[in-house]
Amino acid sequence: MIANITITNDITTANAITHGGIFHADEVFGTIILSKVMDNIVLARTFKVPEDIAADVIVYDIGGGDFDHHQLGGNGTRADGTPYASCGLLWKEYGPLLCANTANPERAFAMMDAKLISGIDANDTGYISPKDCPPGMSVSAVISGFNPRWDEKTPADEKFQMALQMAETIFDNTFASICSTVAAEAAVEEAIETSPEDDVVVFSQFVPWQGTLLSSHNPKAEKMLYVVFPSLRGGWNWQGVPVSCLNRDLRKPCPEEWKGQLADELRRMTGIETATFVHPAGFLGSCSTREDAIKMAKLAIAE
């Protein structure tokens with residue numbers, strides 16, 4: 001159980017209300033968002049919202065209010081056309097508060113919406129069909145899997161609590177990753193600006209660079225074809241810069257004959273003494289030294 005969330009059958013004591021029965025990622029993650037901004041949630045899961053509830057009770061995914069989307073015409077869409085479901089409506093309201101202390105609040109808010117929230121909304125509203133989002137790749141499918149099976153007696157509210165724990169882990173991990181990425185943006189921009197090479201960026205330590213480099217307004221960023229950074233496994237990696245965040249094709253692919261070769265063969269082919277590895281897909285390679293990693297990236301560009 002999550003410490004500040006209590007599920008109750010007494011709707012008169014609730015300060016939050018959502019629908020009962022079968023649950024979805026939409027209201028499960030919506031509940032997690034609320035748990036981050038409220039000290040304590042007393043949640044009633046019901047099939048009908050009373051007309052005389054107090055004005056400060058938050059009602060979502062039911063009742064047709066500010067945080068519901070089942071009313072005729074829905075409840076708004078994003079700039080890219082993705083409709084808002086209750087999760088997104090709650091994120092739009094409370095997300096700025098959760099992002100306020102990040103290195104770049106607006107960027108963190110938008111990244112969280114793009115990486116997690118909007119996908120939940122798209123699934124719940126039918127904007128994305130199952131064929132476009134295979135169950136094994138969908139957070140929504142994982143959460144739906146917590147619903148009571150036909151042949152078990154576990155109450156739905158108990159299963160809802162289990163789904164909340166999974167959702168909180170996913171939410172917290174995603175948010176922490178985004179905060180880390182946002183915090184690294186200044187270091188990535190500095191590395192681009194101060195790079196002595198016109199087409200290779202060298203980092204003194206690994207940082208999440210891809211989104212920042214691809215969206216950078218620095219003219220030098222558009223010319224970068226490879227990045228070099230220390231490997232967490234030891235040595236140094238070189239990695240190709242993709243065409244975009246959605247297109248993994250490289251701006252400048254490495255030579256085909258390098259892909260998947262053993263270290264001895266790589267050294268023979270390239271003349272680089274400490275070359276150790278090239279991924280079979282060709283987007284990543286490694287050397288034992290910084291100098292050789294830069295040299296190998298430059299050789300990939302030249303060829």
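Predicted model: local features only at pLDDT ≥ 70, side-chain atom pairs only at ≥ 80, totals over all residues.

Me: What makes Trp238 buried or exposed?

Reply: Its relative accessible area is 0%, so Trp238 is buried (buried is under 20%, exposed over 50%, partly exposed in between, with a 1.4 Å probe and protein chains only).

Me: Why is Phe206 with Phe229 called edge-to-face?

Reply: Rings of Phe, Tyr and Trp (its six-membered ring) pair if their centres lie within 6.5 Å; planes under 30 degrees apart are stacked, over 60 edge-to-face, the rest tilted. The count by this rule is 8 aromatic pairs. For Phe206 and Phe229 the centres are 5.2 Å apart and the planes at 65°, so edge-to-face it is.

Me: Where do Phe206 and Phe229 lie in the chain?

Reply: Phe206 is in the loop between β5 (200-202) and α6 (210-215), and Phe229 is in strand β6 (residues 226-230), so their pair ties together parts 23 residues apart in sequence. Strands here are DSSP runs of E, at least two residues, and helices are runs of H or I, at least four, numbered from the N terminus. Phe206 has 39% relative accessible area, hence partly exposed, whereas Phe229 has 4% and counts as buried.

Me: What kind of pair do Tyr226 and Trp238 form?

Reply: Edge-to-face again: 5.6 Å centre to centre, with 65° between the planes. Tyr226 sits in strand β6 and Trp238 in strand β7 (residues 236-240), 12 residues apart. Tyr226 is at 0% relative accessibility, so buried.

Me: How do you know that Arg45 sits over the ring of Phe160?

Reply: The rule wants NZ of Lys or CZ of Arg within 6 Å of the ring centre and within 35 degrees of the ring normal. The charged end of Arg45 is 4.5 Å from the centre of the Phe160 ring. Lys92 does likewise over Tyr84, at 4.3 Å.

Me: What makes Arg45 and Asp157 a salt bridge?

Reply: A side-chain nitrogen of Lys or Arg has to be within 4 Å of a carboxyl oxygen of Asp or Glu. Here the closest N and O atoms are 2.6 Å apart, and the structure holds 15 salt bridges. Arg45 lies in strand β3 and Asp157 in helix α5, so this pair ties together parts 112 residues apart in sequence. With 10% relative accessible area Arg45 is buried, while Asp157, at 25%, counts as partly exposed.

Me: And how do you know that Glu152 and Arg149 form a salt bridge?

Reply: Their closest N and O atoms are 3.6 Å apart, and the limit is 4 Å, so the pair passes. Arg149 and Glu152 also belong to a network of salt bridges with Asp151 and Lys159.

Me: Why are β1 and β4 edge strands?

Reply: The open sheet has 4 strands in the order β1-β3-β2-β4, with parallel pairing. β1 (5-8) and β4 (58-59) each have a single partner strand, so one side of each is left without a neighbour in the sheet.

Technical notes:
Residues numbered from 1 in each chain as written. Heavy atoms only, no water. Pairing = 2+ DSSP bridges.
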